[in-house]
Amino acid sequence: MNIKIKEIFQTDYISRQAGEKLRFMILKAIQEKKKIVLDFKDLIVASTSFFDEGIAKLVDEKVSVDEFGNFIEIINLNKNDKKVLDKVTDYRGFNLSFKQAHPWRLCPIGEHWVKEHPRSSSRGVSTVVDGHCRKNPKGKDVITAEELVEIANKHFQQIKKLPSTKSLKFEDGNKYDAVIGGWCEYWNNILKPKIDLDPDLIKALIASESGFQAVPKGPKGHKAIGIMQLMPETVKYLGRNGRELKDHFVELDTKDAENPTINIAAGVRWLFRKYELLEYKLKRTPTWEEVLYDYKGFTGSKTELAKKSKLILDGFLKELKQ
Amino acid sequence: MSCLRINIHMQTFSLPRVLGSERLDTVLSLLFSLRDEEVIHVDWSKVQKIEPAGLAILSILFDQSIEKKCKLIHENIKPVLKKKYPLILFTDEKFSQLPSPMLHDFNRPNAFLLCCQGGVDLRYKENLARSFFNLDEDLLFSVQLVFNELIQNAVDHSTSERYYIYFGLEDDEVHFGVLDMGVSLPAKMEQKYNAIDDINYLELSLKEGISTRRQRVGGLGLFHTFHMIQGLMGKFVFISRDGQIRRYFSQRKVNRMKLKHRLNGTWVMFTFKN
């Protein structure tokens, strides 16, 4: 049964009374084991009370997240309303399965993928445990290096938006196009920026950072890792212990980061974090080009090297756009 | 022949240059005096501008003067103001009881005022969609989030039955708020919580998990809403009974003051950079 929220809650879809009505509808569906679809089409709810009373408080009715997921589907929810719903459900400890991550993900949000690994029992018998999802104590979205590789292997053959086919005169210039397109699509879907990140920008960035070499040669003491030249500190910041991100963590170590597929995934994620920081700094929405300059450390820098590097990057961007 | 002279004490209040969320002392003093006076003179000679918050305040002044049976005599109103703001306050019509809330409604391309009565009223969404659709999507969402929370507060806690919603765009600033003249927030809060004064009751109401609700308990209060809008640069004015809080998000500054004249109601007013 499809419940159009706008029609059912015509005059009031913000109050706790309205939320209570929704909760009773959900409870009835679960008790009768009937599937219902809550359709939020053409509606901006913008109410903590409605979502709290209607959905988050199901936790007080002893409804499990699994039960909710089995019978209730939420569709056409505005991205800002989704944030409000996430916030109030997190507050009540009701981590919804509908917050199930991207369709490519192996685990729902709140769990992360652990690859196949050996386990020794107390009797000394060694067994192999299949890859499985493991719960995160705080219920946040965590993606591991193993899952990044799995996703790329399974889904990156059918990416719709790929970067330009121009190789920018590099031998491996087109080698990572699917990976670049794939991770741009993934993080655009997850983090929903006002303007989607264009894969061409990542291609130009990689060209300027490493020239598409998975292990680029650098001067002695050069610490940056892999194709997008991530700093070891950045790799740390992206994880749960990095104290930099609030959600959508990328859990990997410096060894994992050498893999170009993982490196690009992490680099694009870091670029989105740079976007947030720059937005705060500039007090306006930055352009993605400005974010690239910030990634490369050009913001506020007046050195000759910065000017030269900026020219090179702009050159690549221009060539890809032609 | 003896002559009987009667001295009638008549107060005159001079309104400030800009009627809005700033410089509220005169307006609050005037509102406070309505219950004790039969006639009050209101001098408009200094008034040059009415901000969106001022529209709501004037509607309240009008309604309160009828409820308190105090005659307001408006003097020295500039004709340009009357023309620009065709408010019920400026009409010559006499009302012996509160007029229909619809008569307060004010609609202009850059501002609107809605007087709502008898429960949750979401007409403001139509006004926003009609006149302000080109504002930033996230900003409009934050405005709705605040409106919805405040509308519920006005409906659930205030017994005034009437509340006033305003929204406007002026000098690249977004002004919006919800005002009511019901049971004040501290009066409602003190039924459930203990605080040393009204300023502390207002502060308490913004904290996590604080709610005066008796049915459907365990609300989230204003905390989550405020948490979500703190990223917007702007100002927030919160007045109820004897307390006043002015929070400046961009400067991370808060002014907490005792009001000189009690407000029997709750006014929450925001100003954000567009």
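Start with Ile3(A): its bridge partner in strand 2 of chain A is Leu38(A). That pairing belongs to strand 1 (residues 2-4) and strand 2 (residues 36-39) of chain A, which run in the parallel sense over three bridges. Keep in mind that this is a predicted model.

**Strands in chain A**
- Strand 2 of chain A also pairs with strand 3 (residues 72-75) of chain A, again in the parallel sense, through four bridges.
- Within that pairing, Val37(A) has Glu73(A) of strand 3 as its bridge partner.

**Helix packing in chain A**
- Helix 6 (residues 145-155) and helix 10 (residues 260-282) of chain A pack with their axes 9 Å apart, at an angle of about 105°.
- Since angles of 65 to 115 degrees count that way, helix 6 of chain A is roughly perpendicular to helix 10 of chain A.
- Helix 6 of chain A brings Ala145(A), Leu148(A), Val149(A) and Ala152(A) to the contact, while helix 10 of chain A brings Thr261(A), Ile262(A) and Ala265(A).
- Sort those contact residues by type and you get six nonpolar, one polar and no charged.

**The sheet in chain B**
- Chain B has an open sheet of three strands, ordered 1-3-5, with parallel pairing.
- Strand 1 (11-14) and strand 5 (71-75) of chain B sit at the edges, each pairing on one side only.
- From one strand to the next, the twist averages 25°.
- Four bridges link strand 1 of chain B to strand 3 (residues 39-43) of chain B in the parallel sense, and Phe13(B) stands opposite Val42(B) of strand 3.
- Helix 1 (residues 25-33) of chain B packs on this sheet, touching strand 1 and strand 3 of chain B, and its direction makes about 155° with that of strand 1 of chain B.

Technical notes: Residues are numbered from 1 along each chain as its sequence is written. Chains are lettered from A and ligands numbered from 1 in the order in which they are written. This is a predicted model: local features need pLDDT of at least 70, side-chain atom pairs count only at pLDDT 80 or more; totals for chains, interfaces and linings use all residues. Axes are lines fitted to C-alpha atoms, for helices over the stretch in contact, and angles run from 0 to 180 degrees between N-to-C directions. Helices (H or I, at least four residues) and strands (E, at least two) are DSSP runs, numbered from the N terminus. Angles under 35 degrees count as roughly parallel, over 145 as roughly antiparallel, 65 to 115 as roughly perpendicular and the rest as oblique. Two residues are in contact if their C-beta atoms, placed from the backbone, lie within 7 Å. Ala, Val, Leu, Ile, Met, Phe, Trp, Tyr, Cys and Pro count as nonpolar, Asp, Glu, Lys and Arg as charged, and the others, Gly among them, as polar. Two strands pair if DSSP finds at least two bridges between them.
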